[in-house]
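Here are some notes to read alongside the model.

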Amino acid sequence: MSKQDGSGRQVTTAPTADTSARILHLDMDAFFASVELLERPELRGRPVIVGHRGARSVVTAATYEARRYGVNSAMPMAVALRRCPNAIVLEPHYDRYTHFSREVMRILGDATPIVETLSIDEAFLDVRGAIPLFGPPFAIATALRERIRSETGLTASVGAAATKFVAKLASSRSKPDGLLVVPEADTLAFLHPQPISALWGVGASTEERLARLGLRTIGDLAVTPLDSLRAAIGESGAVRLHELAWGRDPRAVTPGRDEKSIGHEVTFERDVSDAVALDRELLRLSTRVAERLRRGGWVARTVAVKIRFGDFRTITRSRTLAEPSDVAERLSREARALLAEARPAGTGIRLIGVRAENLLPAGSVARGLWDDDEPWRETETTLDAVAERFGRGAIQRASLLSPGERRRRSALSTDDVGSLD
């Protein structure tokens, strides 16, 4: 059974006036899948998987109904459908996820300015300054969850505790659609019965080594001599896990965590060796990356490509740009050059990705007197405006179409489809 299927759920049902649990961890419930169900409400309560169908596709997200069959994100789609053959597969829509993420983060910012965004669907909040205004953490978390549900139609789970680690663990235990408050005085009573795998940094290999010592729970680890832990997992791991097992986590909530990179990748159903097809895919990925850069107000100083060959060997290559850019044409040209340098001629590619790194605020970069990217920038911002008004796909580059798709679309009137090259 999936560890994320909602079994073993713990929640705080009665209001509590405790103010020691001042750190909140809010995590949206099955976020991508829940956003998709806003458009398909008739599928609620049924096993739904978000992802592309295909032999090499992976699960992007799954509803709790699908998770009960053992379906998890990042699982090969073929495995997921074997485990849950009656699942409904929906294509992902990343622009929707970005929109709702911004709405949720805006709501969190209304409660406290001390918000640390961890990912598109989760964040830490320090609400100590909000308690005099809005009441104890239970009341603040309840109001946030209600407002998110009211304004977006989505549900969130919240853990409240005295430390970040315990707050994050509490939110995972309250899923789905729950709230769990762990007062500081109850930290060890909550922590010690939990499985040792719940500790941050305990993966399968570490768990196996600790199991050889007979350790099954966090409480078991807490009372184990440090020397025994050092012998099993090394100095740094032993000290860190021992501290966490006793509820000690000095990290503060740090607002203003900037997005450090933006990327997209694709896994092909069959290894691709055709240079034209690979160039087209790099342009498509670069276009998506550039769109996200412009929406977020970023420019990239570095472009990186990820390449996985048919034998599963995976490499990354990067290049620093002469001028930071948010232009797909510039990103794709650099990506093509990196691929050409790293790939032996004719070698099949299983996966390819493009990532923009070393991001800077767009307004902090002055354009040179001669900007080689200016014509393409104007074209791409025009495409952004068209997509904003008419939807993504209303107009696109002809070079992104396969030869067969070009022939098919050439038969349509210009009212039916737009393209740009």
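1. Of the 421 residues of the protein, 47% count as buried, where buried means under 20% relative accessible area, exposed over 50% and partly exposed in between, with a 1.4 Å probe and protein chains only. Please keep in mind that this is a predicted model, in which local features need pLDDT of at least 70 and side-chain atom pairs count only at pLDDT 80 or more, while totals for chains, interfaces and linings use all residues. Residues are numbered from 1 along each chain as its sequence is written, and side-chain values use heavy atoms, with hydrogens and water left out.

2. You will find 16 helices and 14 strands in the protein; these are DSSP runs numbered from the N terminus, with helices (H or I) of at least four residues and strands (E) of at least two. Among contacts between residues at least 6 apart in sequence, 67% join residues at least 24 apart, a contact being heavy atoms within 4.5 Å.

3. Do have a look at Ser286, in helix H13 (residues 275–296). Ser286 is buried, with a relative accessible area of 0%. Its side chain reaches the backbone nitrogen of Ser332 at 3.4 Å. A polar contact here is a pair of N or O atoms within 3.5 Å; within protein, one must be able to donate a hydrogen and the other to accept it, and residues adjacent in sequence count only if both atoms are side-chain atoms. Beyond its neighbours within four places in sequence, Ser286 touches Ala328, Leu331, Ser332 and Val354.

4. Next, helices H11 (residues 226–233) and H12 (residues 235–245) pack at an angle of about 130°, their axes 7 Å apart. That angle makes H11 oblique to H12. Axes are lines fitted to C-alpha atoms, for helices over the stretch in contact, and angles run from 0 to 180 degrees between N-to-C directions. Under 35 degrees counts as roughly parallel, over 145 as roughly antiparallel, 65 to 115 as roughly perpendicular and the rest as oblique. From H11, Leu226, Leu229, Arg230 and Ile233 meet Glu235, Gly237, Ala238, Val239, Leu241 and His242 of H12. The residues of this contact divide into six nonpolar, two polar and two charged; Ala, Val, Leu, Ile, Met, Phe, Trp, Tyr, Cys and Pro count as nonpolar, Asp, Glu, Lys and Arg as charged, and the others, Gly among them, as polar.

5. H11 also packs with helix H9 (residues 204–211), at an angle of about 130° and with axes 10 Å apart. H9 and H11 are therefore oblique to each other. Thr206, Arg209 and Leu210 of H9 make this contact with Leu229, Ala232 and Ile233 of H11.

6. Helix H7 (residues 164–173) is mostly covered, with seven of its ten residues buried. Among them are Phe165, Val166 and Leu169. In the loop between H7 and strand E8 (179–181) sits Pro176, and a cis peptide bond with omega of about -5° joins Lys175 and Pro176.

7. Finally, two backbone angles deserve a glance. Most residues other than glycine have a negative phi, and most peptide bonds are trans. Ala30 has a positive phi, near 40°, in the loop between strand E1 (23–28) and helix H1 (31–39); Ala30 is buried at 8% relative accessible area. Asn358 has a positive phi near 50° within strand E12 (residues 349–361), and counts as partly exposed at 47% relative accessibility.
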